Amino acid sequence: MGTELYDIIIVGGGPAGLSAAYSACMNGAKKILVLERDREVGGILQQCIHNGFGLHHFKEELTGPGYAQRCYDLVKDRPEVTIMVDTMVLNVTTEKVVTAVNPTEGVIHVQGKTVILTMGCRERTRGAIRIPGYRPAGVFTAGAAQRMVNMEGYLPGKKIVILGSGDIGLIMARRMTLEGCKVQAVLEICPFSNGLTRNMVQCLYDYDIPLYLSHTITAVHGKDRVQGITAAKVDDNMKPIAGTAFDIDCDTLLLSVGLIPENELSRGLGLQMHPLTNGPLVDQHRETSIPGIFAAGNVVHVHDLVDFVSEEAEIAGKYAALKAAEQMQSAVADVAIEAIDEVRTCVPQHMRVTAEGEMIRLFMRVRKPMKQVRLTVKSGDTTLLTKRLQVAKPSEMIAVNIPAAKARGQHENWTVSVREEC
């Protein structure tokens, strides 16, 4: 295959990539290429066989594969969309030339008018958190164990300890219990859970699985196979407290210690990155610091719900299509959007203000669990939005809309804050 020209090249065929492709079709793109490195599209949802997906986006409760199928059904018969699976993207240039490789075509080069990055995220591993001990068999990331059980049909072990209370770890606690294994404990270094409330209830409380908050693992025992771990309570600086250590017998350790946006291609491009989200800086259209390069989904920031991933990807798909057709409105100002007070991150990080104005949707996460809080969005001294929330948690994303009428003409930098009410 020679260098072929596409309106949009989408890197990644998960829910973000498929949603972006559908949105681009709906907004006039005529030639779209989706590149997916797995054997089939769907991304991580292929192994997420539990339900709870799609309540916001499709107004229906679906399993992970069911949600992926819905996304695929939207584009599979559209002549504008070409999907190449088993295709690994090696490089993306600022000129929108994408180099990829697959078993049938070999090395291919394709040219896009625009590119959308939807590579998703990957799990943080044992090496990233530096747990002392040997490297025995039986230490897995929770996602690797999930694929092993749900897709390959193998059990990683019988006595399980899970480090981290992220959603994948909580779901695997339930999954392993249902498969007849004994989940000895879930350990979390933070004083609060990092998973959705519904997963805490449905996966831990309903199965009487012990949860140790403010605890971590200080040693892994066993040389050939995991034989147990040593856990200890941690102080406010997350350092183990002397005299609090205790042993737990297990043959398997699952790690659910965070997700990292998959941004090797983004860094190779030289995109401006955000230090807290570990993803590219984007505007309200999900366009990055390089014109014509867009990003959406977990590659920008880690989401708690796939519904929000699809929503963001549809924004990227729409404006990539308009950009390819040279129909995007020109910006009259570039306004920064700053997260302050108890807001840890906010996406988008800046906004390109147009003369006509448009509705702006903000996605944010807070630093710590809080109750009875007030969310405020300001442009300079002008209040654009104020909203009272009963509960705000780091594990649950907050999404708010700024109406076009209020956003229009606001050329001063924006601030997004959450404060506990006295």
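Domain 1 and domain 2 bury about 1300 Å² between them, 47% of it on carbon and sulfur atoms; buried area here is the accessible area (1.4 Å probe) that two parts lose on being put together, summed over both. Gln-47, His-50 and Glu-123 do a lot of that work, supplying 47% of the area that domain 1 buries against domain 2, more than any other three residues. Keep in mind that this is a predicted model, where local features need pLDDT of at least 70, side-chain atom pairs count only at pLDDT 80 or more, and totals for chains, interfaces and linings use all residues. Residues are numbered from 1 along each chain as its sequence is written, and side-chain values use heavy atoms, with hydrogens and water left out.

**Domains**
- The chain is assigned domain 1 (1-123 + 258-328), domain 2 (125-257) and domain 3 (329-421), with bounds from an automatic or database domain assignment.
- The C-alpha centres of domain 1 and domain 2 sit 32 Å apart.
- Across the boundary, 14 residues of domain 1 are in contact with 18 residues of domain 2, contact being heavy atoms within 4.5 Å.

**Salt bridges**
- The count comes to 20 salt bridges, each a side-chain nitrogen of Lys or Arg within 4 Å of a carboxyl oxygen of Asp or Glu.
- Lys-31 is in the loop between helix 1 (15-26) and strand 2 (32-35) and Glu-4 is in strand 1 (residues 4-11), so the pair ties together parts 27 residues apart in sequence.
- Helices (H or I, at least four residues) and strands (E, at least two) are DSSP runs, numbered from the N terminus.

**Cavity lining**
- Gln-284, Met-351, Arg-352, Val-353, Thr-354, Gly-357, Glu-358, Ile-360, Ala-407 and Arg-408 line the largest cavity, a cavity being a set of points on a 1 Å grid over the protein atoms alone where a 1.4 Å probe fits but cannot get out, and lining residues having an atom within 4 Å of a point.
- Strand 22 (residues 350-354) gives the largest share of that lining, four residues.

- Most residues other than glycine have a negative phi, and most peptide bonds are trans.
- The peptide bond from Val-347 to Pro-348 is cis, with omega near 5 degrees, and Pro-348 lies in the loop between strand 21 (343-347) and strand 22.
- Asn-278 has a positive phi of about 60 degrees although it is not a glycine; Asn-278 lies in the loop between helix 7 (264-269) and strand 19 (293-295).

Notes
1 Å grid on protein atoms, 1.4 Å probe; cavity = no way out; pocket = protein on both sides within 12 Å on 5 of 7 lines; lining within 4 Å.
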